[in-house]
Amino acid sequence: MRVELTEEQEMVRAMAREFADKDVRPIAAEIDRDARFPRETVRRMGGLGLLAMTIPPAYGGSGTDTVSYAVAMEEMARACASHAVIMSVNNSLYCEPVHQWGSEEQKQRFLVPFVGGQKIGCFALTEPQAGSDATNQHTLAVRDGDHYAVNGRKIFVTNGRESAAALVFVQTDHEAGHRGITALVVEKGTPGFLVPRVEEKLGLRASDTAEFVFEDCRVPVANRLGEEGMGFKIAMSSLDSGRIGIAAQAVGIAAGACELALGYARERKSFGVPIGQHQMVQWMLADMATAIDAARLLTLRAAALKDAKKPFGAAAAMAKLFASETAMKATTDAIQVHGGYGFIKEYRVERYFRDAKITQIYEGTSQVQKLVIARSVLGGA
Ligand code: CAA
């Protein structure tokens with residue numbers, strides 16, 4: 001098994017790192033403080049090909065593999081987790097499903113304009129009663145000639161206010177349960193598509209998390225991805241891919257916090273020596289470094305399995321579970337290494353701690369990842 005990145009993957013890492021360090025890191029604290037969506041840098045991310053990495057060049061994407069995508073996600077999250085989630089949702093939860101399930105005409109309309117940063121997309125699955133229990137969809141779409149009339153409400157939609165189109169999961173046949181869920185691309189500006197609210201959050205404050213309301217919103221049947229009833233499979237397979245991106249984001253958050261802790265441990269003195277010379281601090285740093293490496297390897301393995309067109313859902317769930325738990329532990333300990341200064345915004349490490357928390361929740365909680373993993377290891381038992 002190969003554990004080194006290829007020359008091409010290293011080039012992607014170097015490009016993403018340079019952009020993250022030069023353009024993103026300097027504004028990360030300010031956009032977090034002001035909860036400001038970073039339109040300018042998102043457009044530049046598009047220009048660098050970071051918003052549609054695995055989409056073929058024929059549609060304007062970068063045509064890289066998933067390993068490169070994971071590597072770039074990690075680099076972005078090392079600097080700013082908000083940029084990373086904006087990138088991950090456009091890549092994994094919007095462009096990939098439109099590319100995989102869309103017709104040629106749909107790809108021209110709903111994919112090509114979304115690869116270069118001019119427009120971004122989002123993924124609207126969650127409803128007030130349908131979080132982990134994602135099959136429990138109440139948004140209804142009733143066929144009326146060549147349109148659907150959509151009524152309902154979606155919450156916690158990342159990129160929701162800023163996106164030009166949303167992949168929306170609706171119930172077209174309530175009796176059929178999850179086999180009655182259908183995926184529609186709904187464009188902003190469609191009458192009856194409202195964005196009444198954007199959430200105020202603990203972390204990822206520069207990303208935009210919106211609520212959608214659909215009131216007799218008429219969506220053309222031509223905007224349907226796949227057949228009626230295929231929506232849940234589209235959602236679940238998109239989330240399998242998405243979880244690789246979130247695992248990589250969590251690795252980046254943990255690595256960014258660890259770097260701050262290492263820098264501080266080298267400089268801060270107590271009892272006459274740098275604190276990095278105290279065994280208690282070394283212990284925390286050693287555990288952090290080991291867990292981050294393990295999380296990175298699990299993430300790259302899931303990405304490599306996807307690239308090899310092998311089953312990767314359970315591997316992605318393991319990677320996301322381990323990486324997000326690692327991010328929470330590593331950021332907690334990185335604050336501990338800083339002592340009281342870790343609690344102070346100026347020392348930057350508290351942002352990583354706040355950003356880490358959501359990685360244990362979105363795109364499936366740690367508990368949902370365990371359910372997916374347990375089902376996989378138990379097989380048909
Ligand atoms: N790929 C394709 N199909 C899949 C699948 C997968 N990975 N997993 C399940 N399915 C299919 C099953 O085959 C089954 O279909 P059939 O009945 O036709 O055979 C159907 O889906 C239902 O599957 P289950 O019986 O396993 O469904 P369940 O209700 O028992 O459990 C679950 C499903 C794993 C709990 C799922 O609901 C889940 O993952 N929940 C978490 C939802 C989630 O991750 N939400 C994230 C919101 S988006 C977000 O967070 C984005 C963001 O902001 C960044």
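Predicted model: local features only at pLDDT ≥ 70, side-chain atom pairs only at ≥ 80, totals over all residues.

I started with α6 and α8, and found that α6 passes α8 in a left-handed crossing.

Helix α8 covers residues 313-338, and α6 packs against α8 at an angle of about 20°, the axes being 8 Å apart. Anything under 35 degrees counts as roughly parallel, so I wrote α6 and α8 down as roughly parallel to each other.

Then I sorted the residues in this contact by class. Between α6 and α8 I have 19 nonpolar, five polar and three charged residues.

Helix α4 is residues 81-101 and helix α6 is residues 231-267. I get an angle of about 155° for the packing of α4 and α6, and their axes are 9 Å apart. The cut-off for roughly antiparallel is over 145 degrees, and α4 and α6 are therefore roughly antiparallel to each other. The crossing of α4 and α6 is right-handed.

Which residues meet here? On the α4 side I listed Ala81, Ala84, Val85, Ser88, Ser92, Leu93, Glu96, Pro97 and Trp101. Their partners in α6 are Ile234, Ser237, Ser238, Leu239, Ser241, Gly242, Ile246, Gln249 and Ile253. By class, that makes ten nonpolar, seven polar and one charged residues for α4 with α6.

On to the nonpolar cores. How many residues does the largest nonpolar core have? I got 98, and the residues with the most contacts inside this core are Met87, Tyr94, Phe169 and Val337. Helix α6 turns up again: α6 gives the most to this core, with 19 residues.

Leaving out residues up to four places away in sequence, Val337 touches Ala261, Tyr264, Ala265, Ile275, Val281, Met284, Leu285 and Met288. There is also a second, separate core of 18 residues, and Ala141, Val150, Leu184 and Val186 are among them.

Last entry: a glycine in a loop. Gly189 sits in the loop between β5 (181-187) and β6 (193-198). Is Gly189 buried or exposed? Its relative accessible area is 70%; the cut-off for exposed is over 50%, so I put Gly189 down as exposed. I also checked Gly189 against Ala165: the two are 24 residues apart in sequence, and C-alpha to C-alpha they are 9.1 Å apart in space.

Notes
Residues numbered from 1 in each chain as written. Heavy atoms only, no water. Axes fitted to C-alpha atoms, helices over the stretch in contact; angles between N-to-C directions. Helix = DSSP H or I, 4+ residues; strand = E, 2+ residues; numbered from the N terminus. Parallel < 35°, antiparallel > 145°, perpendicular 65-115°, else oblique. Left-handed = near helix turned anticlockwise from the far one by under 90°. Contact = heavy atoms within 4.5 Å. Nonpolar A, V, L, I, M, F, W, Y, C, P; charged D, E, K, R; others polar. Core = buried A, V, L, I, M, F, W, Y, C linked by side-chain atoms within 4.5 Å. Buried < 20%, exposed > 50% of the residue type's maximum accessible area, 1.4 Å probe, protein only.
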